[in-house]
Amino acid sequence: MNYSDRLVDHFRNPRNAGMMRNPDGVGEDEYQGCGDMTRFYLRVMDGRVADARFQSYGCGPTIAASSAGTELAAGRSVEELLTLTEQDVTLAVGGLPPERQHAAQVVVGAIRAAAYDHLRRRDAALAGRATERV
Amino acid sequence: MIRRVYLDHNASTQVHPEVVAAMLPYFGERFGNPSSVHGFGRDARDGLDTARETIARFLRTGKDELLFTSGGTESDNLAVKGVAWARGSGHIIASRIEHHAVLHTCQALEAQGFALTYLPVDEFGMVDPDDAARAVRPDTILITVMHANSEVGTIQPVSEIGRIARERGILFHVDAIQTFGKVPIDLDAFGIDLLSFSGHKIYGPKGVAGLYVRKKTKMVALQHGGDHERRRRAGTENVPGIVGFGKAVEIRAREMEAERARLMALRDRLWAGISGEVPEVRLNGHPTSRLPGTLNVSFRHVESESIVLGLDLKGVAVSAGSACTSGNVEPSHVLVAMGVPLDWAMGALRASLGRENSPEDIGYVLQVLPPLVERLRRLSPAAVS
């Protein structure tokens, strides 16, 4: 199978790989078809992604797309992460063969899950503070 | 220049230069149709006859018991369907780890009303001949068991299964596509009635294979037309391919024994290196009764396809134990039948060695593979960090 140079580069030299301790948001997604799985960790400052890391179990494209996903996430607001699309991820790795499209799918799923996790934590923290005040 | 190491000989092999040389005249001045009576036809016929004689000698059988097909898949289809359709109905016994060319053919026959029993295998991928004996019914017409499995290399106890078949008057088909020219085959001692074997696994060309059919075996043809191949396989013979096939077999006859010992040593060295360097790794397949050049290993917490890609980028060609098509990974039916747990089956890798592999190749693989697996494991959420 022919992969783009960008995909191969992300696979060879994954950016931001590894777990993050005490993240502000963490989420994962698994592609049922093949068991490929990616987990995203977010460090959030002032509502924006200060650092994103990933762990991934899967084929080369899934690992590459996860790596590219951390670069896409960096600097964006958490709400923006919810609007990231499979196409954004596909473009970031220089294209995916149709039979490897699941790589983008699982990365978008994991980024969204991490973003939602952060928003839940934030809401819970705000609610907690509100309760304290009462 | 990046070093290139090909360890996928169970998939296909590089055509031997002597084979290419033998084939060339049959694209040129010896291009005739072997069914033609004129000189051009006779030239082609000579090439065909010589190849058939070479292969018959190698299998210690008669020329009239061999027919040529377009590939292993056709040989398997012709053997299994040809026997089944000649009988019209009945019961067939096959192992669960047959190649899809046999397995899907059996399933197609099942859909047509034939009864099928699929024999299990043990943890090493080995069929128990007692299971075959127990599966026999009064209406059993055929037992089909592969000689060695292409994925894990386990060599099956075909002579014992053949004896069971013979004692009960049941036809016995053996898919020998992975063993022909690699390990000895004794048609009579193994009690084989039909044997599928192929050219491109033994440094011959693609698109040509053979089927041995023991005399007096009732079988129908799958394709109809002229009287080629004793009316069992209509169609003008692939003369250059068959000539090349014959040459490949001639070379195997002289190289097989030495090559077998050499490949076993390289294969075992590869396994010793991997198991010594990489934690959480297991060997899939029988530890000893195995194809000389086949090594199937599972790395836990890594998906095999990422290792295949990583090795490919280092110039090393191996194959993944589980195939991903359209985002659906089917864990190998062979590993599943062997009871290999899913998290191991997903990380299975097959290295299959061949004649051009050197000790330096194995050294190179042992240099690049362990760090690759380690790197991929560091990325993996499944691995303990």
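Below I go through a helix pair, the chain contact, a sheet and one more helix.

Before anything else, I noted that this is a predicted model.

**Helix pair in chain A.** I started with helix α1 (residues 5-12) and helix α2 (residues 60-73) of chain A, whose axes come within 8 Å and cross at roughly 85 degrees. Angles of 65 to 115 degrees count as roughly perpendicular, so that is what I call α1(A) and α2(A). From α1(A), the contact uses L7(A), H10(A) and F11(A). On the α2(A) side I found G60(A), P61(A), I63(A), A64(A), S67(A) and A68(A). Sorted by class, this contact has six nonpolar and three polar residues, and no charged ones.

**Where the chains touch.** Next I checked the contact between the chains: chain A gives 23 residues and chain B gives 19. On the chain A side, α1, β2 (36-45), β3 (48-57) and α2 each supply at least two residues. That side splits into 11 nonpolar, nine polar and three charged residues.

**A sheet in chain B.** Then I traced an open sheet of seven strands with mixed pairing, in the order β2-β8-β7-β6-β5-β3-β4 (chain B). β2 (66-69) and β4 (115-119) of chain B each have a single partner strand, so one side of each lacks a neighbour in the sheet. From one strand to the next, the twist averages 20 degrees. I also looked at β3 (residues 91-95) and β5 (residues 140-144) of chain B, which pair in the parallel sense over four bridges. I93(B) has I143(B) of β5(B) as its bridge partner.

**One more helix.** Is helix α9 (residues 304-312) of chain B mostly covered or mostly open? It is mostly covered, with eight of its nine residues buried. Among them I jotted down I307(B), V308(B) and L309(B).

Notes:
Residues numbered from 1 in each chain as written. Chains lettered and ligands numbered in written order. Predicted model: local features only at pLDDT ≥ 70, side-chain atom pairs only at ≥ 80, totals over all residues. Buried ≥ 20, exposed ≤ 12 C-beta atoms within 10 Å, placed from the backbone. Axes fitted to C-alpha atoms, helices over the stretch in contact; angles between N-to-C directions. Parallel < 35°, antiparallel > 145°, perpendicular 65-115°, else oblique. Contact = placed C-beta atoms within 7 Å. Nonpolar A, V, L, I, M, F, W, Y, C, P; charged D, E, K, R; others polar. Pairing = 2+ DSSP bridges.
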